[in-house]
Amino acid sequence: MDLAELHATAERERARRKAIRVLCCTSSGCQASRSLELFHQLEAAVTATGQDEAVEVASVGCMGFCGQGPMVRVEPADLLFERVRPEQAAEIIAALAGEPCSVERGDPNHPFFARQVHVVRRNGGFIDPERIEEYIAAGGYEALYRVLHDFTPAEVIQEITRSGLRGRGGAGYPTGLKWATVAKSPGERKFVVCNGDEGDPGAFMDRSILESDPHLVLEGMAIAAYAVGAHEGYIFVRGEYPLAIQRLTRAINQARKLGLLGSQIFETAFDFKVEIRVGAGAFVCGEETALIASIEGRRSQPRPRPPYPAEKGLWGFPTLINNVETFANIAPIIEHGADWYASIGTEKSTGTKVFALTGKVRNTGLIEVPMGMTLREIVEDLGGGSPDGTPVKAVQTGGPSGGCIPARLFDTPVDYESLAAAGSIMGSGGMVVMDAHTSMVQIAQFYMAFCMDESCGKCVPCRVGTVQMYRLLSKVVAGAATPADLEQLEQLCRLVRETSLCGLGQSAPNPVLSTLRYFREEYEALLREEAAAGANGTP
Amino acid sequence: MSNRAPANPAPAADNRQKLLEATMRRYQYRPDALIEVLHKAQELYGHLSPQLLASIARNLHLPPSRVYGVATFYHFFSLKPQGEHTCTVCLGTACYVKGAMEILTTLETEAGLKAGHTSPDGRLSLLTARCLGACGIAPVVVLDGVVIGHADAETLRARLHALLEETPVAS
Amino acid sequence: MAARTLTIDGRLVSARAGESILEAARDAGIHIPTLCYLEGLSEMGACRLCLVEVTGSNRLLPACLTPVSEGMEVHTATERLREHRRAIVELLFAERNHVCAVCVASGNCELQNLAIRVGMTHVRYDYLNPVCAVDISHPQFGIDHNRCVLCARCVRACDEVEGVHTWDIAGRGVNARVITDLGVPWGEAESCTSCGKCLLACPTGAIFRRGTSVAELERDPKRIALIVASRQERW
């Protein structure tokens with residue numbers, strides 16, 4: 001494969017396309033609402049009405065508005081249909097010929113769509129993720145070609161550094177700096193690992209990216225491998241995501257066949273092979289050193305850092321670990337340049353971030369917005385606010401490692417520093433909206449139950465401390481706790497945060513600390529010696 | 001534990017062993033492929049019996065205790081046979097906020113079973129998941145592999161009831 | 001090998017490059033409490049008792065795994081550290097069923113010594129009272145899971161010194177247990193050579209020689225280091 005062949009492949013794909021494309025989302029969310037059946041019904045309806053010449057039905061990835069799925073989009077007319085039932089397929093196809101149609105129509109100019117900026121989700125819902133030709137026709141693998149022919153590894157790292165991209169897995173470590181460390185670490189072998197163990201409950205950004213545009217992630221990994229001098233890579237995907245695994249497997253095979261992965265990529269001396277590793281159900285795998293242990297076939301237990309994986313990772317070799325969304329940003333940055341990327345978002349948090357907006361909000365689904373957008377804009381404009389008029393009370397970001405931000409702080413811009421200052425974290429992008437019916441003490445208890453179940457058991461503070469905190473929270477919920485119990489809870493929060501071995505333990509107290517900080521009155525109302533003040537509403 | 005009879009009596013033309021062999025060969029019997037091999041074994045046999053674990057340990061040249069340690073660490077692996085039907089309630093945050101606990105309690109009552117357990121007659125395993133990543137359609141329940149979004153307790157109770165009323169498949 | 005000079009609790013200490021803070025402190029006669037650390041075995045940094053404060057780092061660092069560096073300023077016994085250590089020991093006592101009065105290791109137990117050293121007067125936390133088995137299927141040894149602290153010293157001694165790996169840890173979190181082979185009773189674990197190194201390594205009365213009664217356990221964990229050192233000598 002060379003550039004001419006790449007362009008020829010893209011040209012062939014464009015020529016193959018029919019005048020009208022009916023795009024049907026077949027991602028996990030919509031599949032659960034029978035979108036596969038819908039897809040087949042749409043195909044059948046096209047044939048039945050004799051429109052095979054002009055109309056094609058394509059299975060595409062996530063369009064984002066998962067709460068309204070299954071979604072169908074018609075190109076080039078830009079018609080959007082929501083909550084489509086398989087029985088309605090014929091009606092949609094008939095509508096193409098101008099027949100009236102009663103299927104629920106979506107509005108492509110709805111703020112949910114209009115306020116988004118698509119960088120990593122640019123192909124989501126437009127291409128068939130199971131056909132590499134569609135990715136290539138959308139300009140795919142050109143960035144890899146350019147990197148291999150026009151960039152030195154140092155120049156690639158410089159470009160990523162200048163873009164200001166920070167790790168999208170949670171902590172926001174500068175990506176360019178991480179790459180530079182791995183590039184400089186001596187090692188006979190080096191590895192690139194893609195962390196697709198999206199463990200935060202309430203987060204499904206990475207699943208969607210892998211299901212909707214797997215090649216974007218593979219291309220990003222290949223560019224990273226070239227930059228740091230690695231020839232082997234692993235993608236670690238949660239076992240809970242069978243469709244993502246299936247599509248990724250297919251994508252790797254297709255790329256290998258075309259010479260875009262494997263030996264002598266684009267007929268250069270650069271080799272890069274990728275293997276998939278399927279997670280077996282352990283939240284702690286999201287921690288870098290635990291992830292490494294899991295890829296090595298061991299119990300997923302973290303080890304103290306330093307040494308960091310960038311110096312000593314898989315089997316002791318320098319290893320670059322970035323998450324799915326981070327890798328998905330790479331090809332667009334190379335394509336459009338670091339300056340373009342840095343112009344999106346804020347000064348310290350550049351680019352976009354994908355969030356999974358869920359919970360007590362009208363519009364649920366995946367959104368990609370520029371960094372710096374406020375929580376209010378996200379919850380009220382894109383999310384449409386409360387579904388039933390119950391006041392929204394808080395937003396939880398960062399999952400079990402994050403915190404709850406109260407409605408009065410909704411003008412907080414979403415960037416790494418502002419969220420941290422508000423007592424939460426960016427996290428991987430879960431955003432769960434809570435309303436006045438949600439008890440914040442119970443939310444804290446819910447997260448502590450999660451951390452307790454997911455504690456690997458290696459270090460004492462996390463293993464036993466989370467159990468003790470859970471018991472104290474249960475005591476509060478049951479109305480049996482005293483002020484002394486609350487004090488002990490806070491003492492345990494400090495202990496577990498300061499002494500746990502890994503990030504999971506260190507951040508396990510965050511949901512408790514943030515709810516204590518903003519919703520202390522809800523705790524106090526439940527204490528035994530206090531006169532019960534009743535459930536508290538919005539602050 | 002060690003003297004329990006294999007739960008899946010091997011039929012005469014059992015090619016599961018062959019398929020498992022093929023997987024181990026594909027990974028060149030490398031010890032680091034342990035988790036991948038366990039995935040395959042569980043997929044083929046439904047659960048990981050001591051005999052199966054012992055054979056995997058031998059083939060991958062791993063101490064039995066390490067294989068056991070790994071198999072018991074991860075949620076996906078089950079050392080006991082699963083029920084004929086499985087019902088998994090997602091307890092991710094989005095599902096929780098939208099009433100997943102109420103669904104779980106209803107199903108527990110309907111099945112007369114605590115989450116995480118299999119009924120004594122082996123008809124049903126009632127399980128929970130920490131997040132299935134389908135939060136856009138929360139709350140989510142998976143009944144025999146079929147994902148049900150926007151689930152509500154009453155409909156599910158009826159579906160589970162209907163499922164358990166069916167004549168059991170001859171085992 | 002190059003030397004490094006650092007201060008530990010205000011005292012100037014000289015150490016070899018690559019040495020850990022713990023080793024440097026012990027050579028200088030400064031005591032840092034440990035539990036999962038055992039000389040002769042690899043370090044795992046799990047018990048968190050040896051955490052120290054290092055000027056310039058906002059995180060607490062495990063002394064067993066942190067290499068010394070030139071000019072490093074280490075504090076091993078600040079108020080915060082003392083409070084955390086006491087809490088960690090209390091958490092351990094609350095986790096399983098540690099009853100010194102009926103324990104073979106009483107008087108020769110690292111957990112008991114730690115409790116005294118950190119000044120534990122009572123346990124603030126709920127006792128979890130788990131149901132734990134006692135396994136005496138092995139002809140010479142027994143294991144009482146009520147007394148296990150999951151330090152994995154037996155696992156490491158068996159794997160790294162004896163080279164067998166009969167022991168491992170099964171399950172996770174507070175439900176984790178040390179096991180032999182495929183979780184079988186110890187006496188049925190075919191890989192076990194009955195060498196007794198796990199007994200030497202165990203800090204509490206969890207692993208004991210059968211027939212030992214209350215406070216009768218004799219055992220010297222230092223022998224693990226001796227075995228390792230003499231093995232190197234031989235070659």
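Reader: What is the strand order of the open sheet in chain C?
Author: The order is β2-β1-β5-β3-β4, an open sheet of five strands with mixed pairing. Strands here are DSSP runs of E with at least two residues, and helices are runs of H or I with at least four, numbered from the N terminus. Two strands pair if DSSP finds at least two bridges between them.

Reader: Which strands stand at the edges?
Author: β2 (11-16) and β4 (61-62) of chain C do; each has a single partner strand, so one side of each is left without a neighbour in the sheet.

Reader: In which sense do β1 and β5 of chain C pair?
Author: Residues 3-8 (β1) and 73-75 (β5) of chain C pair in the parallel sense over two bridges. Within β5(C), C:Glu73 stands opposite C:Thr7.

Reader: What should I know about the model and its numbering?
Author: The model is predicted: local features need pLDDT of at least 70, side-chain atom pairs count only at pLDDT 80 or more, and totals for chains, interfaces and linings use all residues. Residues are numbered from 1 along each chain as its sequence is written, while chains are lettered from A and ligands numbered from 1 in the order in which they are written.

Reader: Turning to chain B, how many helices and strands are there?
Author: Chain B has seven helices and five strands, in the pattern α-α-α-α-β-α-α-β-β-β-β-α along the sequence.

Reader: How many residues of chain B are in contact with chain A?
Author: The number is 32, and they meet 40 residues of chain A. Contact means that C-beta atoms, placed from the backbone, lie within 7 Å.

Reader: Which elements of chain B give two or more residues to that side?
Author: They are α2 (34-45), α4 (64-73), α5 (93-97) and β5 (146-148) of chain B.

Methods. Two residues are in contact if their C-beta atoms, placed from the backbone, lie within 7 Å.
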